[in-house]
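Hi,

Here is the structure I promised to send over. Please have a look at it first, and then read my notes below.

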Amino acid sequence: MGGTEHLTVRREGATLVLTLNRPEARNALSIAMLVGLYDGWLEADADDSVRSIVFTGAGGSFCAGMDLKALAGRGMAGEQHRDRLKADPDLHWKAMLRHHRPRKPVIAAVEGYCVAGGTEMLQGTDIRVAGESATFGLFEVKRGLFPIGGSTVRLPRQIPRTHALEMLLTGRSYSAREAAAIGLIGHVVPDGTALERALEIAERVNACGPLAVEAVKASVYEAADLTEPDGLAAELARGWPVFDTDDAKEGARAFAEKRPAVYRRA
């Protein structure tokens with residue numbers, strides 16, 4: 001299992017848990033964190049025993065965005081990983097889920113700060129849980145910056161445009177309740193329990209047919225860029241083959257026999 005000094009990786013059954021681990025800096029992004037994140041996404045994609053991913057942060061925060069000290073030229077932790085960025089100039093965007101979409105469902109478990117780059121990475125996740133005291137926002141314009149992690153494209157596609165533009169243009173913070181009201185997150189839970197709820201959701205995902213889950217996720221994102229007729233055609237192309245899998249046959253048998261299904265990705 002991978003990981004770096006700022007990104008921990010562990011297994012919870014069929015779930016891979018990726019944890020941003022720089023709590024002294026509210027998990028502000030570092031080179032070590034970005035390298036560890038990208039490797040974690042690749043590990044989940046490559047391992048068929050992984051059926052879901054939970055993405056969270058240590059120490060009561062999710063992510064406070066980019067390390068602005070590094071942006072100002074005062075260095076960034078994890079210099080030993082810099083060769084990875086030189087070898088792949090796109091690595092940081094893949095790590096932040098701007099230029100990479102894992103084929104497994106990604107469930108975000110947010111506590112505390114999830115702002116700037118944190119809110120941008122959140123938009124690359126599929127299901128989102130947050131503690132009551134979590135804070136969201138895209139603060140870039142207040143600092144004379146641009147939210148280049150994908151928010152001007154993705155946010156208006158995920159929440160109503162008026163809310164997206166207010167978040168983008170005012171740079172104000174949003175509470176978890178506000179974020180849920182505009183559709184940015186799906187669940188608000190008591191502080192300290194976001195990870196627990198995310199793992200519960202992951203277990204529900206894990207109990208389903210993995211081939212079906214991956215095909216459904218892929219279809220949803222593919223159709224988002226298509227007209228309705230083209231999207232429906234693409235759905236048939238992805239969906240019909242699932243019915244011919246051993247997983248589908250096992251699901252039908254398990255239903256008839258009133259027992260839990262045992263899927264084998266075939």
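First, the ground rules. This is a predicted model, in which local features need pLDDT of at least 70 and side-chain atom pairs count only at pLDDT 80 or more, while totals for chains, interfaces and linings use all residues. Residues are numbered from 1 along each chain as its sequence is written, and side-chain values use heavy atoms, with hydrogens and water left out.

Let's start with the sheet. Helices (H or I, at least four residues) and strands (E, at least two) are DSSP runs, numbered from the N terminus, and two strands pair if DSSP finds at least two bridges between them. Six strands form an open sheet with mixed pairing, in the order E1-E2-E3-E4-E6-E9. Strand E1 (7-12) and strand E9 (187-189) are at the edges with a single partner strand each, so one side of each has no neighbour in the sheet. From one strand to the next, the twist averages 20°.

Further in, E2 (residues 15-20) runs parallel to E3 (residues 52-57), joined by six bridges, and Leu16 is opposite Ile53 in E3. E3 is in turn parallel to E4, with four bridges; here Ile53 has Val106 of E4 as its bridge partner. Four bridges also link E4 to E6 (residues 127-131) in the parallel sense, with Val110 opposite Ala130.

Now the cores, meaning sets of buried Ala, Val, Leu, Ile, Met, Phe, Trp, Tyr and Cys residues joined through side-chain atoms within 4.5 Å. The largest holds 47 residues, and Phe55 is one of those touching the most other members. Helix H1 (residues 31-46) gives the largest share of this core, eight residues. Apart from this core lies another, of eleven residues, including Val189 and Ile201.

Finally, the helix pair. The axes of H10 (residues 210-223) and H11 (residues 228-239), lines fitted to C-alpha atoms over the stretch in contact, come within 9 Å and cross at roughly 160°, on a scale from 0 to 180 degrees between N-to-C directions. That makes H10 roughly antiparallel (over 145 degrees) to H11. Among the residues in contact (heavy atoms within 4.5 Å) are Ala215 and Ala218 of H10 and Gly231 and Ala234 of H11.

Best wishes

Terms used: Buried < 20%, exposed > 50% of the residue type's maximum accessible area, 1.4 Å probe, protein only. Parallel < 35°, antiparallel > 145°, perpendicular 65-115°, else oblique.
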